[in-house]
Amino acid sequence: MTETDAPPTDPGGGEQPLEADRLYDLLLAPGYLKVLVFSAVIGIPVSLVAFWFLVGLHELEHLLWADLPHGLGWDTPPAWWPFPLLLVAGVVVGLVATRLPGGGGQVPASGLHAGGASPVALPGVLLAATASLPFGAVLGPEAPLIALGGGLAVLFHHLTRAPSTPKGAALLGAAGAAAAIAAIFGNPLIAAVLLIEVAGAGGPQLFAVMLPALLSSGVGALVFTGFGQWTGLETGSLSLHLPMPFPRLDLGDVLWTIPLALAVAALLHPLLAFARRVAAFISGGVVGRTVLCAVAAAACAAFYALVTGRTPADVALSGQATLGRLAADPHAWGVGALVAVLLLKGTAYALCLGSLRGGLVFPALFLGAAAGVLLAPLPGLGLVPAMAAGMAAATASTLRLPVSSVVLVVLLLGGTAMMPVVILAAVIAFVTTELLPRGGG
């Protein structure tokens, strides 16, 4: 064997294939090509199910928080409105957690997970999410969608009677999850990036996870777009309408990003630790304690409405719709209302993370944006950079996924003009959160 024919070696002297060769072999493996084909196919039924699931959540939320109060003669829900709704949520989720397989899905206080629910657990996941999200839980839909998409992908694969390996099942689960969550973030790219970072893969394995997730989420985005235009129904996808064009960043924006990111991380860290303590508290008596925490979250929303005169929906629910209104007209919020919503929605968020079922992303984005609006009057700090930095810091602190946080916020803003402060805020908040003691179990 000549020197040019010798296999590549690592610095320690062992023979190892080059990364490019390993990726080449992986992409040509028959099993992996089958996974890619199945990922493209599975994106269609998974996206259809996810579309109608989100439409149902959106319509039920609108019925409970807009149509029903208006029908009873109120322009906005009265302060007491969250109590009966979150009482129902607590009872249903508590019963699902004790009576149905899978316990209704992951407790959101434990973080975002890539694994989908098993097919037998899907009814509990759907029921718990339906009882939580439209009824006022301060949670988003992304965690149930990940479980739904991953579980459906595995279910459809089982129905085809195709042979499966643990690695192939994991890839199909990631692809199904990406297809399900693509539209809620308004872009298939964030679905793939989020699943990659949650999975914690690297090297060639990163591409192995990315390609099925990206392919399936792209198909899913097409299905969501087509069905949305055809039916005229809304799923409530996340979007902002900030004033355009964006202002030019200056030195003040960059310098203020550092203490802003530190402040957001310092605000969210104890809330997340409290959420983990709530989850541990509930594990000792699921139904009664779940109801207690849900009613306590309702009390936060009611107290906010009483002290500010605003709707309790500002505190209840995921914050998705409220974030859009905050971005469109931030001056409609006084300092007192911003402080109150940060404290009370933050507390309700922690209670719901430990007790009900949903995701972490949407409320974190809202809390970060609200913190940015509150601090924007600081000399030299602009409103849009403050909101961008606040959202990036909040998602990085909450998810502990800095790359996904940057991509999500940049795509949400609709441009790259704020990218320097977004990256800076995400990195500072992530590092700060990692260095602080975890607490809460």
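Before the details, a word on conventions: residues are numbered from 1 along each chain as its sequence is written, and side-chain values use heavy atoms, with hydrogens and water left out. Since we are looking at a predicted model, local features need pLDDT of at least 70 and side-chain atom pairs count only at pLDDT 80 or more, whereas totals for chains, interfaces and linings use all residues.

Let me start with the chain as a whole. The protein chain holds 16 helices and zero strands, where helices (H or I, at least four residues) and strands (E, at least two) are DSSP runs numbered from the N terminus. Of its 441 residues, 51% count as buried; buried here means under 20% relative accessible area, exposed means over 50%, and partly exposed lies in between, with a 1.4 Å probe and protein chains only. The chain exposes about 18100 Å², of which carbon and sulfur atoms supply 69%, the areas coming from the Shrake-Rupley method with a 1.4 Å probe. Taking contact as heavy atoms within 4.5 Å, 80% of the contacts between residues at least 6 apart in sequence join residues at least 24 apart.

Leu356 touches, among others beyond four places away in sequence, Leu86, Val93, Pro108, Leu139 and Ala294.

The axes of H9 (residues 251–282) and H14 (residues 383–399) come within 8 Å and cross at roughly 35°, the axes being lines fitted to C-alpha atoms over the stretch in contact, with angles from 0 to 180 degrees between N-to-C directions. The residues of this contact divide into eleven nonpolar, four polar and one charged, where Ala, Val, Leu, Ile, Met, Phe, Trp, Tyr, Cys and Pro count as nonpolar, Asp, Glu, Lys and Arg as charged, and the others, Gly among them, as polar. Helix H13 (residues 361–375) also packs on H14, at an angle of about 140° and with the axes 7 Å apart, and the residues of that contact divide into eleven nonpolar, five polar and no charged.

What about individual residues in the loops? Gly140 lies in the loop between H4 (122–132) and H5 (142–159), and it counts as buried because its relative accessibility is 0%. Its C-alpha atom is separated by 8.2 Å from that of Gly319, 179 residues apart along the chain, and its contacts beyond four places in sequence include Ser318, Gly358 and Phe362.

Finally, backbone angles. Most residues other than glycine have a negative phi. Leu317, however, has a positive phi of about 70° although it is not a glycine; Leu317 sits in the loop between H10 (286–308) and H11 and is buried, with a relative accessible area of 8%. Arg400, in the loop between H14 and H15 (402–413), likewise has a positive phi, near 55°, but Arg400 is partly exposed, because its relative accessible area is 23%.
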